[in-house]
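Subject: Model handover

Hello,

Here is the model we talked about. Please open it alongside this message.

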Amino acid sequence: MSPAPSAAPAAFIAHVASTRQYIGAWAILSVLQYFAAEAAVAMAWAGPRPYDLRTGYISDLGALHCGMFSGRDVCSPLNWLMNASFVVQGLGMLVGALLLTSGLLRVAALPGIRINRSRKEPWLAAGAVRLLTGAAGAGTVVVGLVPEDVGSPWHYWGAVTYFLAGGAALLVLGLLWLRKTGMAWFILACGVVSLAAVATGGLTGMMVPEPGTLERLMGYPVTVGMAASGLVIAQRVHRHRKERRAAAARVTAA
């Protein structure tokens, strides 16, 4: 009689030291380039008045033409840099969503932790983080490819997707990483702030004294929270890779 097939193992250890994970972490961390690009483009503003972060919309920096747009006098000579930054930011998030595995996200890149296969909720949460991060990345790519003044609704929907999906991804990731890293609370706070600002913008129609500030409360926490998660993963993957190389060197020397 042939032996009965062995049951699938109830748990496994996630591989967190691969080059794939390292590249994915740095791709997420690369979203920080946005702040340098925004500062440079804002300083080059050529409108009748200096660009004001409190009242100026982010997308005004990517507008292709000088003149009136939705009641605002916009003129951004470095619009190409702002739009390129949007695309690079989105691609970084898309690459991270593709390369960072659900197993790594479940354990916050901590090596040696056994993952219980039977618990579906953490798997679903990790999968949701990847899906939402990818959606947010695709949204900001669209924002860069379709500037606000080309007359297409795709720009608006790309921005909304970035804000909503990005904030939701951070909210889920923060909850998933509780008790795995102190950074979880910061990531969770970024998600809460972003989604609260989105809700405020939706309820008020952005008719607030400082729409630029409100929009930045939607977007900045997503960028910073994503970068924080990438930093946690990159540091832990790098440390684990270094430890493995040292262990291999000791074995070779022996």
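This is a predicted model: local features need pLDDT of at least 70, side-chain atom pairs count only at pLDDT 80 or more; totals for chains, interfaces and linings use all residues.

Residues are numbered from 1 along each chain as its sequence is written, and side-chain values use heavy atoms, with hydrogens and water left out.

Overall fold

The chain has eight helices and four strands. Helices here are DSSP runs of H or I with at least four residues, strands are runs of E with at least two, and both are numbered from the N terminus. Their order along the sequence is β-α-α-β-β-α-α-β-α-α-α-α. Along the principal axes, the C-alpha atoms fill a box of roughly 80 × 45 × 35 Å.

Of the 254 residues, 47% are buried. Buried means under 20% relative accessible area, exposed over 50%, and partly exposed in between, with a 1.4 Å probe and protein chains only. Take contacts (heavy atoms within 4.5 Å) between residues at least 6 apart in sequence: 74% of them join residues at least 24 apart.

Thr133 sits in helix α5, residues 120-145. Thr133 counts as buried because its relative accessibility is 5%. Setting aside residues up to four places away in sequence, Thr133 touches Ile28, Met93, Ala97, Ala169 and Met226.

Val172 belongs to helix α6. Its relative accessible area is 24%, so Val172 is partly exposed. Beyond neighbours within four places in sequence, Val172 contacts Ala125 and Val129. Val172 and Val129 are 43 residues apart along the chain, yet their C-alpha atoms are separated by 6.5 Å.

Cavities

How many cavities of 30 Å³ or more does the structure hold? There are two. A cavity is a set of points on a 1 Å grid over the protein atoms alone where a 1.4 Å probe fits but cannot get out; lining residues have an atom within 4 Å of a point. Points are joined across faces, edges and corners, and a volume is the space filled by probe spheres set on them.

The largest cavity holds about 150 Å³. Its lining has 15 residues, of which Ile58, Phe86, Thr140, Tyr162 and Phe163 lie nearest the centre. At least two lining residues come from each of α3 (79-99), α5, α6 (154-176) and α8 (211-253).

Best wishes

Note on methods. On a 1 Å grid over the protein atoms alone, a cavity is a set of points where a 1.4 Å probe fits but cannot get out, and a pocket is an open set with protein on both sides within 12 Å along at least five of seven lines; lining residues have an atom within 4 Å of a point.
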